[in-house]
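Q: Please take a close look at a single helix of this model. Start with the chain as a whole, then go to the part.

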Amino acid sequence: MSDNFDKSNINEAEKSKSNDSEQSLEDAAEGSDEALQKKIKSGSPSTQRVQRPHSSPPRFVTVDELLETAKGVTNMVLAHEIVVNGDFRIKPVELPENSLEKRVKEIVHKAFWDCLSVQLSEDPPTYDHAIKLVGEIKETLLSFLLPGHTRLRNQITEVLDLDLIKQEAENGALDISKLAEFIIGIMGTLCAPARDEEVRKLKDIKEIVSLFRAIFSVLDLMKVDMANFAVSSIRPHLMQQSVDYERKKFQELLEKQPTLFFIDSLDFVTQWLEEAADDLMKYKKALPGGGGAAGSGDGPVPNPVAVQNYAYLKLLKWDHLQRPFPETVLMDQSRFQELQLQLEQLTVLGAVLLVTFSMAASGISSQANFAEKLKMIVKILLTDMHLPSFHLKDALTMVGEKVCLEVNSCLSLCGFTPFTTDKETVLKGQIQAVASPDDPIRRIMDARILTFLETYLASGHQKSLPAVPGGLGPVQKELEEVAVKFVRLVNYNKMVFSPYYDAILSKILVRA
């Protein structure tokens, strides 16, 4: 293997980490906003990078090893999702229409309920299946109870006493409708408010087989509700346990089944961190007083914290179609991709508003209601910007037309002279120019957004957000929401994988 990331190596890296100064990424990236933007956008590997030997050759694995590893990955992903995703919810299983699995399930269920119907239609009725169903319902209801629900527990145990129910059935004294009524009452007591309507509808079902079928359907929903309640209750206490668990599972993958997932040497993580370190060193050399001639190896060496922060910013400019994502952030690739799309939309939105307010009279640009209205209009027109079928240039043409109408209307209401035709043409042209990533206004907005994220990330665990750079005021709320998500995601990833990053950076920065 090219790099042996065993636990001893990680521990050594943790010890060396304590000797590094806590220099912020902001210090490492002083200078113009556009320079920072250019460096983060550059994704080409450094020509000075030391080539590593290739990873160990793949080996054959058994089916049992594959299943065991897949189970470990699934558990790790689930634990990660619960902690990171505040909107995580367990959803009822819905099989695809016309799928074989769904047809088989429907056939088996129909056969079961038909059998129950036949038994209850006999004279005298046979209650074998019905009693088994009551037993399952009893266990489900008891599973919903908390330790303090003593009275309900005793009530359920007493009324749904299967031995007593069997005796009543044998003696022809069983009233199955009365049992169903009791069950529905308990369900109404235990269910979430969102299920009140479903439970109420159960009381209107008179046919006993249909009633039992509906009861089980509602109980399945209540199980999902209870599971989601449990997840939300324990989430605040899961953070540290999840960090340890994810790191342990990841280490097991490295040690037991590395070649299954091609993570035996963390090649993509190493390349990602190497590029960040190289970019930072080149950037610092280019600054006045940065030290070292261009191309020389005498420049200042950034600290590991600065390199990690810079590397995370590079993920917001990642080419997801052409470049493999680093292994340690792979579970969050969709989240980083979503943040990237949101920031692209914010960049365009901010550029359009900056151009518009620069040309409009100061009297209307300072009106909060108008600024908010104009922002919402542009946001709506850019809603589908993430779709492959979206054409930004065409959308901005429409945006230009709408913006001019709104600005002229506001100017008239405020007693100002509306735009002339020439001025409208200039504004529409500047708005359409934002479609190009090389547009100067768009580049400025992009660079300032990255600077804001950089500053917030470098501030550590401070709760207060940094001041928003000039020109970003109209999109401040949206930008801060994205920044909070980004920094929360980064900080959690650092907690889990920082030992691996420290081990890799200790080698990279020594070579530098």
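What percentage of the residues in the chain is buried, and how is helix H19 placed, with which buried and exposed residues?

A: This is a predicted model, where local features need pLDDT of at least 70, side-chain atom pairs count only at pLDDT 80 or more, and totals for chains, interfaces and linings use all residues. Residues are numbered from 1 along each chain as its sequence is written, and side-chain values use heavy atoms, with hydrogens and water left out.

Of the 512 residues in the chain, 43% are buried. Buried means under 20% relative accessible area, exposed over 50%, and partly exposed in between (1.4 Å probe, protein chains only). The chain has 21 helices and zero strands. These are DSSP runs, numbered from the N terminus: helices are H or I with at least four residues, strands E with at least two.

Now to H19. This helix covers residues 421–433. Its 13 residues should span 18 Å at 1.5 Å a residue, and the end C-alpha atoms are 18 Å apart, which agrees. The expected span is 1.5 Å times one less than the number of residues.

Glu 424, Leu 427, Lys 428 and Ile 431 are the buried residues of H19. They cover an arc of only 100° around the axis, so they lie on the same side of H19. That arc is taken from the directions from the helix axis to the C-beta atoms. The buried residues pack against helix H15 (333–359) and helix H18 (392–413). Contact here means heavy atoms within 4.5 Å. On the face turned away from the buried side, H19 carries exposed Asp 422 and Thr 425.
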